[in-house]
Number of protein chains: 2
Amino acid sequence: MFDNKEKTNIEELGEFGLINYLTKNIQLVQKSTVKGVGDDAAVLNAEGKRVLVSTDMLLEGIHFDLAYTPLKHLGYKAIQVNLSDIYAMNGKAEQVTVSIGMSSKFPLEAIEELYEGIYLACEKYSVDLVGGDTTSSKQGLVISVTSIGYADEKDIVYRNGAEEGDLICVSGDLGGAYIGLQLLEREKQIYLENPKIQPDLEGKDYIVERQLKPEARGDIIDLLKEIDVKPTSMIDVSDGLASELLHICKQSNKGCNLYEEKIPLDPMTFETAREFNLDPTVCALSGGEDYELLFTVKQADYDKIKFKMDITIIGYITEPAAGCNLVTKGGAVHPLKAQGWNAFKSGE
Amino acid sequence: MFDNKEKTNIEELGEFGLINYLTKNIQLVQKSTVKGVGDDAAVLNAEGKRVLVSTDMLLEGIHFDLAYTPLKHLGYKAIQVNLSDIYAMNGKAEQVTVSIGMSSKFPLEAIEELYEGIYLACEKYSVDLVGGDTTSSKQGLVISVTSIGYADEKDIVYRNGAEEGDLICVSGDLGGAYIGLQLLEREKQIYLENPKIQPDLEGKDYIVERQLKPEARGDIIDLLKEIDVKPTSMIDVSDGLASELLHICKQSNKGCNLYEEKIPLDPMTFETAREFNLDPTVCALSGGEDYELLFTVKQADYDKIKFKMDITIIGYITEPAAGCNLVTKGGAVHPLKAQGWNAFKSGE
């Protein structure tokens with residue numbers, strides 16, 4: 001939560017004043033950025049590469065709760081969520097545009113905090129902020145980001161290229177962002193019931209960060225390039241492993257076997273899920289917001305990836321008639337389902 | 001206002017169901033669209049041209065009022081507003097992404113109506129819808145559009161290229177969208193006070209359409225190409241003539257003389273402004289949302305544009321020391337000011 005003590009009125013600055021204030025220190029780092037903020041449109045030079053464009057909208061009350069989301073983290077996350085989509089095409093993200101709608105009662109310091117997070121993410125990932133829109137909102141905070149990336153045509157990885165026998169791989173670990181959210185929600189409820197009790201998040205940094213400050217896996221894209229592996233299909237894990245894997249299978253017209261025991265879970269995710277009486281596997285399958293990369297590779301590439309610490313092989317692609325299946329730790333085979341959040345929340 | 005009679009619940013469809021439903025009939029027309037909706041990012045081929053990117057956000061209660069804005073018009077306008085920015089760079093708009101946040105209580109038919117307007121605009125302007133995001137909103141309707149266009153580097157027109165002696169030109173006529181808004185607001189108030197009285201907009205089609213269903217001036221870009229005129233600077237008129245001309249002068253480090261008597265006003269704008277006791281010139285200078293193009297051309301191009309019906313020469317660029325001035329019909333010279341909406345509304 002931001003502090004309202006030193007308020008600067010943004011109504012006085014006006015839209016152009018605010019934009020100038022927020023963008024005055026921008027340093028462009030990408031050669032592809034010909035012209036950034038300050039004209040009717042940004043001008044970009046694709047230099048013969050294909051241009052990748054993705055966009056996401058984050059709304060207060062739906063995607064974030066300002067009761068426990070520091071604005072700096074929120075700005076950071078809004079960028080990560082979008083870069084993740086460019087990486088999922090095996091592309092290099094180089095620009096973003098950011099549109100913000102916020103109450104005119106928002107103090108300038110709060111907006112600065114939000115933009116600090118945005119700029120921090122841009123700097124860390126070498127992305128230029130090249131445009132956007134700033135408007136007042138009667139309806140809470142609204143953030144819309146469009147990310148722009150580049151790839152040689154031959155390097156682009158779609159969702160529909162998985163082939164029978166391909167290995168299913170995922171980066172990092174899963175379910176942490178969801179279980180971090182459960183923790184934050186619980187502490188919020190406790191706080192609302194008794195404001196004297198301070199939130200108890202001690203020792204839970206990892207899963208709280210997974211929720212509040214995710215990192216898009218541009219490093220995995222670099223790694224795959226380095227070891228000369230081009231995935232046959234790829235998607236980022238924003239809605240949960242099950243949903244994403246089903247997208248790949250549906251668009252590739254294939255089936256899959258996913259092994260429960262192979263799904264990478266951080267110990268803290270596992271323990272905290274247990275505390276909440278949640279099945280850690282379900283958190284990974286349906287939790288979402290992990291922003292890891294899910295991809296398939298040819299079996300011939302097995303030797304190149306088998307010892308890569310941050311990539312786990314979790315199953316393989318089958319013929320479509322075999323369906324999409326989860327093989328449980330006990331060896332049972334269940335059809336893989338993309339559970340909605342509602343179904344998920346009812347305790348399964 | 002939309003009709004709630006035949007409701008289809010969008011909660012049942014879910015996000016992916018809704019996206020599939022809304023995008024199933026998309027027909028891509030641009031060669032530059034390699035891959036549209038359906039993967040993590042759209043894939044575009046700039047074919048050696050520069051890529052132009054612009055984005056705008058429209059929020060319920062700030063940019064539109066659903067009490068008098070048909071959703072189809074709103075969808076259409078959301079696209080136009082964005083294409084206008086690409087044209088203002090002397091570019092060709094070829095793609096848009098559209099993100100929508102709306103209440104899950106919104107009936108499917110209402111969203112369809114919104115998308116009908118979006119698709120109508122795309123079709124009419126040969127633009128491909130290649131991506132976006134659909135999310136529920138607790139806060140009213142939110143629309144964010146990003147437009148993507150292309151231009152050869154040598155053809156791009158920035159705001160900062162105006163030179164002393166250049167002629168200041170504007171397309172179409174100004175002030176209509178603002179006065180159309182006044183009319184709609186008045187009829188809304190009358191309706192709220194007495195719902196039995198039907199809105200009286202008869203004979204006011206032109207200014208109502210200027211507000212609800214603007215047309216971005218891609219035709220002017222084509223015309224300028226045809227008569228072989230490259231503007232020295234250009235901007236679209238979204239915030240009012242005064243504000244836009246000041247942007248050009250500031251970024252070009254020049255002054256200007258703008259002639260009140262030359263500002264193109266439609267007779268209906270003029271008459272209706274008078275009915276509202278508003279100065280028609282002030283409506284043009286500060287009203288905004290006309291989405292005409294304001295540009296400067298070299299004096300040598302005068303013969304090429306002087307008989308173009310839809311382009312009016314309204315002044316000329318001066319040395320910076322002369323300042324930015326409005327020369328009134330009576331011959332008085334006033335400094336040109338970008339009046340905010342508040343100042344404007346107080347009756348000047």
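Reader: Is Lys304(B) buried or partly exposed?

Author: The general idea is a set of cut-offs on relative accessible area: buried means under 20%, exposed over 50%, and partly exposed in between (1.4 Å probe, protein chains only). The areas come from the Shrake-Rupley method with that 1.4 Å probe, and for residues only the protein chains shown count as cover. Lys304(B) has 34% relative accessibility, so it counts as partly exposed. Keep in mind that this is a predicted model, where local features need pLDDT of at least 70, side-chain atom pairs count only at pLDDT 80 or more, and totals for chains, interfaces and linings use all residues; side-chain values use heavy atoms, without hydrogens and water. Residues are numbered from 1 along each chain as its sequence is written, and chains are lettered from A and ligands numbered from 1 in the order in which they are written.

Reader: With which residue does Lys304(B) form a salt bridge?

Author: A salt bridge here is a side-chain nitrogen of Lys or Arg within 4 Å of a carboxyl oxygen of Asp or Glu. The partner of Lys304(B) is Asp301(B), with the closest N and O atoms 3.6 Å apart. Asp301(B) is buried, at a relative accessible area of 11%. Salt bridges can also share partners: Arg210(A), Arg217(A), Asp219(A), Glu292(A) and Asp310(A) are joined into one network that way.

Reader: Which residue meets Arg210(B) in a salt bridge?

Author: Glu292(B) does, with 2.8 Å from N to O. This pair also links distant parts of its chain: Arg210(B) is in helix 5 (residues 205-212) of chain B and Glu292(B) in the loop between helix 9 (280-286) and strand 10 (293-297) of chain B, 82 residues apart. Arg210(B) is buried, at 13% relative accessible area, and Glu292(B) is buried at 1%.

Reader: Why is strand 10 of chain A described as largely enclosed by the rest of the structure?

Author: To read a strand, check the cover on each of its faces. In strand 10 (residues 293-297) of chain A, 5 of the 5 residues are buried, so the strand is largely enclosed. Leu293(A), Phe295(A) and Val297(A) are buried on one side, and Leu294(A) and Thr296(A) on the other.

Reader: Which strands do bridges join to strand 10 of chain A?

Author: Two strands pair if DSSP finds at least two bridges between them. Strand 7 (residues 167-171) of chain A is joined to strand 10 by 4 bridges and runs antiparallel to it, with Cys169(A) opposite Phe295(A). Strand 8 (residues 233-236) of chain A is also joined to strand 10 by 4 bridges, again antiparallel; there Ser233(A) has Thr296(A) as its bridge partner.

Reader: Which residues gather in a patch of negative charge on the surface?

Author: Patches are made of residues with over 30% relative accessible area and no salt bridge; like charges are joined within 9 Å, and nonpolar side chains (Val, Leu, Ile, Met, Phe, Trp, Tyr) within 5 Å. Lys and Arg count as positive and Asp and Glu as negative, with His and the chain ends not counted. The place of a charge is NZ of Lys, CZ of Arg, CG of Asp or CD of Glu. The patch holds Asp200(A), Glu202(A), Asp205(A) and Glu209(A). Asp200(A) is in the loop between helix 4 (176-193) and helix 5 (205-212) of chain A, and is partly exposed at 49% relative accessible area.

Methods. Helix = DSSP H or I, 4+ residues; strand = E, 2+ residues; numbered from the N terminus.
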